[in-house]
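Please examine the sequence and the fold displayed below before reading on. The paragraphs that follow are meant to be read with the structure in view.

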Amino acid sequence: MAPGKPDNQHLPDDLVELLETRPEICVLTGAGVSAESGVPTFRDAQTGLWAKFDPLSLASPEGFAEDPATVWKWYSWRRELISRVEPNDGHRALAGMQDALPGLTLVTQNVDGLHQAAGARDVLELHGNIRRTICSRTRREIPAEWLEAHSRDHPPPSPHDPEGLARPDVVWFGEALDREVLEAALEAADRCRLCIVAGTAGTVEPAASIPRVAARAGARVVDINPEVTEIGRAADWHLEGTSATWLPRIAAALSGSPGPG
Ligand code: BV8
């Protein structure tokens, strides 16, 4: 580390040098970024009340068609949990980076809305948002206050279509992502000079293709994860550890200020 440079607590020198050029950045986050807010990651969520269910069946149109009450209860449980948690330092660091760098695009696989709660704007939610509810047939939004008046244990009938049910506005396995959101995310990946990946196992497609698209277009990739994943192995840098630890350090290097104490 050259003398006098801000101490970014072990960020690699070449990553700090790239950050100091204030490059176009594309960020992809996954469930790990919300772990430190107390939101179980997608897989961990199965260690709780739901260990006995296959997540792929819970988060799929077939699962909802077969057992709407169980799927609805699972989402009601997750929505309730998310309503009680706060964003963490990782979410706040990303919101701050977006303020400091207009060329930063924030793409998330998460459905918890915690990036927005931390102040991030124009978040590209690849998999939707659990806080929004839609009609299962028309996909028109159902107002939250309407839901309050209805049961938590089974999906209420939709106010928009007598054949429809209320369902969470998330992308289930086997469902297509919103085309515009996905295109915007892929364009940001193609345009960026640095792709920051945080808190994802990189097992779900097409989200996991974001860092590959960035790398193929010549961007450097940094992966933040306590575990080594495919993405970490392919990345230019793997910062082993949590997003709430490393993202504030990256934000500090981007702003050229000394790292967090
Ligand atoms: C699609 C919303 C095509 C719901 C989610 C057969 C048929 C159809 C498609 C497929 C198929 N086979 C495969 C596919 C593709 C499929 C897929 O990828 N399947 C996987 C399982 C192989 N994809 C799809 O189905 C997608 N759609 O392909 O459509 C199509 C096209 C046209 C017409 C019709 C269809 C849709 C995928 C979206 C699924 N929905 N979420 C809900 O949340 O209930 S995905 C869900 O899983 C979450 O979004 C979550 O993000 C994701 C899990 O991934 P991660 O975020 O990575 O979370 P995970 O728990 O796995 O890992 C956490 C990581 O964090 C770990 O590495 C851990 O070490 C790390 N970590 C922990 N703590 C921290 C940390 N990191 C940092 N700091 C910490 N503190």
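This is a predicted model: local features need pLDDT of at least 70, side-chain atom pairs count only at pLDDT 80 or more; totals for chains, interfaces and linings use all residues.

Residues are numbered from 1 along each chain as its sequence is written, and side-chain values use heavy atoms, with hydrogens and water left out.

The largest nonpolar core comprises 31 residues, and L11, L19, I25, L194 and I196 have the most contacts inside it. A nonpolar core here is a set of buried Ala, Val, Leu, Ile, Met, Phe, Trp, Tyr and Cys residues joined through side-chain atoms within 4.5 Å. Buried means under 20% relative accessible area, exposed means over 50%, and partly exposed lies in between (1.4 Å probe, protein chains only). At least two residues of this core come from each of α1 (13–20), β1 (25–29), α6 (89–100), β2 (104–108), β7 (194–198), β8 (220–225), β9 (237–240) and α12 (243–255). Helices (H or I, at least four residues) and strands (E, at least two) are DSSP runs, numbered from the N terminus. The most is given by α12, with 6 residues. Not counting residues up to four places away in sequence, I196 touches I25, C26, V27, L28, M97, V222, I224, L247 and I250; contact means heavy atoms within 4.5 Å. A second, separate core has 21 residues, including L124, A185, A189 and V213.

Consider next a pair of helices. Helix α9 (residues 179–191) and helix α10 (residues 209–216) pack at an angle of about 35 degrees, and their axes are 7 Å apart. The axes are lines fitted to C-alpha atoms, for helices over the stretch in contact, and angles run from 0 to 180 degrees between N-to-C directions. On the α9 side, A185, L186, A189 and D190 meet S209, I210, V213 and A214 of α10. The residues of this contact divide into 6 nonpolar, 1 polar and 1 charged, where Ala, Val, Leu, Ile, Met, Phe, Trp, Tyr, Cys and Pro count as nonpolar, Asp, Glu, Lys and Arg as charged, and the others, Gly among them, as polar.

Two loop residues now deserve attention. Q109 lies in the loop between β2 and α7 (114–117), and it counts as buried because its relative accessibility is 12%. The side chain of Q109 makes a polar contact with the side chain of T200 (2.7 Å). A polar contact is a pair of N or O atoms within 3.5 Å; within protein, one must be able to donate a hydrogen and the other to accept it, and residues adjacent in sequence count only if both atoms are side-chain atoms. The backbone oxygen of Q109 lies 3.2 Å from a polar atom of the side chain of H127. H127 is in the loop between β3 (124–125) and β4 and, at 13% relative accessibility, is also buried.

What remains is the backbone. Most residues other than glycine have a negative phi, and most peptide bonds are trans. The peptide bond from E205 to P206 is cis, with omega near 0 degrees, and P206 is found in the loop between β7 and α10. R22, in the loop between α1 and β1, has a positive phi near 50 degrees. R139 has a positive phi of about 60 degrees and is placed in the loop between β4 (128–135) and β5 (141–142).
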